[in-house]
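Me: Please take a close look at one part of this model, the place where the two chains meet. I would like the contact described as a whole and then the charged pairs in it, one by one.

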Amino acid sequence: MKNKAIVYSLYLLSFIVATIAGCQQKQEPQNQDQGITITDDLGRELHLPKQPVRVFGFTSAMAEMLFAIVDTANIIARTPDCDYPAAVYTKPLVSNYPVDLEQVLALKPDLIFTSEGMTPLEDAARLQELGIPVYYQKYRTVEDVLRGIEDIGRIMGREQVANHLADSLRKEVQQLETNYRNRPNPLQVLTITWTDPIYVYGQNTLLTDKLRILGAENAVKETFDQPYPALTREYILKLNPDILMGGTKEKLEQTFFSQYPELRKIKAYKDGRIYAPTGNLIERPGPRIVESLRELEGFLYP
Amino acid sequence: MMRSLYFILALLLIAIVIVLGLQVGSFESDLSTIAEAFLNYNPDNTTHYAIVHLRLPRLLLALVVGASLAFCGYLMQAMVNNGLADPYLLGTASGASLGAVLVFFGFVEITIGSFYMPPVLAMAGAFIVTLVVVILGYRKRQLIPAQLLLAGIAISSLCTAMVGLLTFLSDSESKLKSVIFWSMGSFERASWTLLPYPAVALIMALLLFAFLQKQLNILMLGSERAQALGVQVSHTRWAILATVSIVTGFAVATSGPIGFVGLIVPHVTRGLLGTTGKSNLLFCAFVGGLFMLLCDLLSRIIYPPTGLPIGIITSFFGVPFFVYLLSRKNYKFSS
């Protein structure tokens, strides 16, 4: 009798344990169902347990995006390149290259935003292993940047702010596009990023689309493997651009034309059409994109 | 007879590669355009301008730098009596890289007066490092080759580590591109104003060693035997050191440190003309120049418009030939 009681008790205990275990097994997918799955611009699927709150950008442009869309209190860090808006300096500094994994872990972000080519995919994979997803955006056109703003708004639950911002920027871009559409003999613009060796903005950069909106063209027509290809003096002589961007006349005279006097033969030098775009405007795909277009407009049509 | 034939062949090949090289560039240009550019030069014609002011100085700089490095490699191998020696043994390459990189990373203004500083600092870096290596290799009033060799390796490693540290701490991707240039070399900055510096240094050195070729050949027998045969070993070594540091310094300052040429071409020369040929040094310079011209041409054909870093091409095309040469049973470093 006693033995039977023990056997029944064991059966009962096993049943309770199995039931609890079964419940736990069922609960896990439920949790996953409650989470969200997002796909970034590189086609990577990211599973988030909940809508992200604590975030930061791995690039200076992404920091600008986040400050324009997300509640400032939810942006938890900045990288060494971040310098805009001023409020970014109130956030703790974190190294993005090389990635300070321990510091990133300590900050406990729900999601990190970055853009293609700015964060190695291996770094993103390592962070993913540690439970921190990295969301990539990719921009080829100004419209891609505006869509990027809307995407961040959707992911962060700030659609209204993001859509309003994107729409107002879109209207200004469309206005500029209308103003400069079908201009005969579009100005040919060469933009250098480094002088020794000479590196320039290639055809597959955002600048090409900015120039198109303003009725001008990137003088570099050939598409190279790299977005910022190296060019020879002879290649630049052949391009013979109308406008050269990359520094003030005085600075380029010292660092560029004194080193490559042969390039004094290009039209831009002869006409004195050499301009210095603001570095953090021309380089950054962010909410100040219209400001960048306005600056370029000033150079193209003074 | 064979020697004269090799000389004629080398000169002929140099001329052919120069003519071919003049046709490669962004502006389309056939032989008639090239002939017109030289015989009936029109400064307003940009194709003519590119041929005369960009392509020709580039080709001549490649010729001079290739000749300089091969010539210096031959001298260094003779001096330390070791076939593994090259012109950068004294730390010239790493010193030059460090000098140039210091400018790019903002330690020195990029232009001072009208001088563009990277080549100037590269030259200074090459000389300073060579001087330190020579001081370390100088004992009891004489240069000790083994000590010189070790000092060169040590100081080179230190300079390379410093370049590595600066590169790691770099805040800009563009600066890294300059570091790559200064690590692998290029002839893109060639111009008629730059060309005379390495060219004059090379010609002076060739003239000096036209008189010292015999001593050089005896030196390859070892210092004690050379001393016994009446060679002033110490004087010859100092002459080699001074020549190598000046000629390599100019080559590196104008084109960056290009590896492998100074190592393999002396072996090619000895393989063809024997270890103690009378005109080995001159032939070595010709072959070095020809090899560099070919490498530059290939780099521009393979990866237009800028060309691959020249150091990559010199290694890719030089190593198989070098291995073949070493595998030949009758090849010896010294007699």
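Reply: In this predicted model, chain B and chain A bury about 2500 Å² between them, and 59% of that area lies on carbon and sulfur atoms. The contact involves 29 residues of chain B and 24 residues of chain A. Between the two chains there are 11 residue pairs in polar contact, counting pairs with both residues at pLDDT 80 or more. On the chain B side, the elements that give two or more residues to the contact are α3 (46-80) and α7 (173-184). The largest share, 6 residues, comes from α7(B). By residue type, the side of chain B that touches chain A divides into 16 nonpolar, 8 polar and 5 charged.

Now the charged pairs. The rule finds 3 salt bridges across the interface of chain B and chain A.

One of them joins Arg55(B) to Glu234(A), with the closest N and O atoms 2.4 Å apart. This pair runs from helix α3 of chain B to helix α8 (residues 233-239) of chain A. Both Arg55(B) and Glu234(A) are buried.

Another salt bridge is formed by Arg189(B) and Asp196(A), at 3.4 Å from N to O. Here the link is between two loops: Arg189(B) sits in the loop between α7 and α8 (196-210) of chain B, and Asp196(A) in the loop between β6 (188-195) and β7 (198-200) of chain A. Arg189(B) and Asp196(A) are likewise both buried.

Glu188(B) and Arg233(A) also form a salt bridge, and their closest N and O atoms are 3.2 Å apart. Glu188(B) and Arg233(A) belong to one network of salt bridges with shared partners, which also takes in Glu262(A), Arg58(B), Asp296(B) and Arg300(B).

For context, the structure holds 27 salt bridges over all chains. Among them is a pair inside chain A, Arg170(A) with Glu150(A), at 3.1 Å from N to O. This pair links distant parts of the chain, with Arg170(A) in helix α6 (residues 159-179) and Glu150(A) in helix α5 (residues 142-156), 20 residues apart. Arg170(A) counts as buried because its relative accessible area is 16%, under the 20% cut-off. Glu150(A), at 14% relative accessibility, is buried too.

Terms used:
Residues are numbered from 1 along each chain as its sequence is written. Chains are lettered from A and ligands numbered from 1 in the order in which they are written. This is a predicted model: local features need pLDDT of at least 70, side-chain atom pairs count only at pLDDT 80 or more; totals for chains, interfaces and linings use all residues. Side-chain values use heavy atoms; hydrogens and water are left out. Contact means heavy atoms within 4.5 Å. Buried area is the accessible area (1.4 Å probe) that two parts lose on being put together, summed over both. A salt bridge is a side-chain nitrogen of Lys or Arg within 4 Å of a carboxyl oxygen of Asp or Glu. A polar contact is a pair of N or O atoms within 3.5 Å; within protein, one must be able to donate a hydrogen and the other to accept it, and residues adjacent in sequence count only if both atoms are side-chain atoms. Helices (H or I, at least four residues) and strands (E, at least two) are DSSP runs, numbered from the N terminus. Ala, Val, Leu, Ile, Met, Phe, Trp, Tyr, Cys and Pro count as nonpolar, Asp, Glu, Lys and Arg as charged, and the others, Gly among them, as polar. Buried means under 20% relative accessible area, exposed over 50%, partly exposed in between (1.4 Å probe, protein chains only).
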